[in-house]
Amino acid sequence: MTAAPNPRVGIIGAGGIGKTHLSSWAANGIAPTAIADANPDTLASAVAEHGGQAYASGLDLIASGAVDLISICTPPAFHADLAVASLDAGIGVLCEKPLATTIGDAERVARTVERTGTLFAMGFCHRYQPHIEALKAMIDGGELGVIREFRNRFAGHLASVEQTWFSNPEIAGGGVLADTSIHSIDLFRYLVGDPVHIHALTSSCESGLGPSLDVEDTGTIILKSSEGALGVLESSWRTPVGEWVVAVHGTGGSAIVDYADLTLRACTKGGDWADVAVPDGDRFVREIAAFIACWRGEDTPRATIGDGLAATRILDAAYRA
Ligand SMILES: NC(=O)c1ccc[n+]([C@@H]2O[C@H](COP(=O)([O-])OP(=O)(O)OC[C@H]3O[C@@H](n4cnc5c(N)ncnc54)[C@H](O)[C@@H]3O)[C@@H](O)[C@H]2O)c1
């Protein structure tokens, strides 16, 4: 039997999450054909570790014609131009979240996906977290009954955020909501459904952890689904005693994913709380395995351009609420 062909892969942005993508491609047996980064030192060290042709510009990497697929891992303001150029060149895109920093840019990418028909997957990696998959199976299987409440808190301490692009609204498109709650928005849509009501409050303040930012360091979004389920999405960069929890409560029971100890616990049918067995698996490695399967025509993206666009619109509504 002939082995399935491997794509030629480019990584654009080799910083924090770019390194995770590089190691996740490696875990799938693929070394990059090309890497681009605007920072020469970051670029040199990524190429030294993983190999591949070095490019100072992501657009030059795309124009080289040397790759079939790219991971876009730059800060958010650059996602749309890179995605559009790739899609127009017939290069499949795995785009890190958020899709874009404006609705206009998100729609521009969506129109390009539609026009070109080129593969596009949105990097909502939590959809590939095995515990979230197991939680979704419980919800879809009716084990929790009618879902009434969803609570997701992703919070911790992002040190020195005031010195990075994360706190620059032009580059990031917002603060902790755009950075972190965008995952929570997608999880609400994935697990519970589309929201029909969206409310939010944000806050930024000076503290021992740093100055007040130009964007929110803490935020809460409240949602209501068309089925009547209520969601509370909390995020903060400035609560060092962090928490990474997704909790779903329904008329038939409750289930909680805790990323701190990687557990899914459930209480159903009037019984006691108990651990639910979940298979091992790294969400980024699994996300990239699925992206490769899409390129081979064996799968379709679990998080689509439509999901990226929907989350961008909900985030925008939250900021305007
Ligand atoms: N899925 C997740 O859980 C997750 C986690 C962290 C970050 N992210 C997302 O990944 C993206 C990058 O975040 P990060 O934490 O890796 O940031 P980072 O600052 O650590 O890395 C970004 C890299 O991109 C490079 N860069 C900047 N502009 C560029 C351009 N125009 N062309 C090429 N390279 C450029 C920088 O030099 C840097 O090396 C963001 O969209 C962020 O929201 C996702």
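## A lysine over a ring

Lys-136 sits over the face of Tyr-190, 4.7 Å from the ring centre. For a charge to count as over a ring, NZ of Lys or CZ of Arg must be within 6 Å of the ring centre and within 35 degrees of the ring normal.

A word on the model: it's predicted, with local features needing pLDDT of at least 70 and side-chain atom pairs pLDDT 80 or more, while totals for chains, interfaces and linings use all residues. Residues are numbered from 1 along each chain as its sequence is written, and side-chain values use heavy atoms, with hydrogens and water left out.

## Trp-25 and Phe-291

There are six aromatic pairs in the structure (ring centres of Phe, Tyr or Trp, the last by its six-membered ring, within 6.5 Å; planes under 30 degrees apart are stacked, over 60 edge-to-face, the rest tilted). One of them is Trp-25 with Phe-291, edge-to-face at 6.1 Å centre to centre and 65 degrees between the planes. Trp-25 belongs to helix α1 (residues 16-27) and Phe-291 to helix α9 (residues 283-295), so this pair ties together parts 266 residues apart in sequence. Helices here are DSSP runs of H or I with at least four residues, and strands are E runs of at least two, numbered from the N terminus.

Trp-25 and Phe-291 are both buried (under 20% relative accessible area; exposed is over 50%, partly exposed in between, with a 1.4 Å probe and protein chains only).

Trp-244 is in strand β11 (residues 238-250), and Tyr-259 is in the loop between β12 (253-258) and β13 (263-268), 15 residues apart.

Trp-244 counts as partly exposed because its relative accessibility is 35%. Tyr-259 has 11%, so it counts as buried. Together with Phe-154, Trp-244 and Tyr-259 make up one aromatic cluster.
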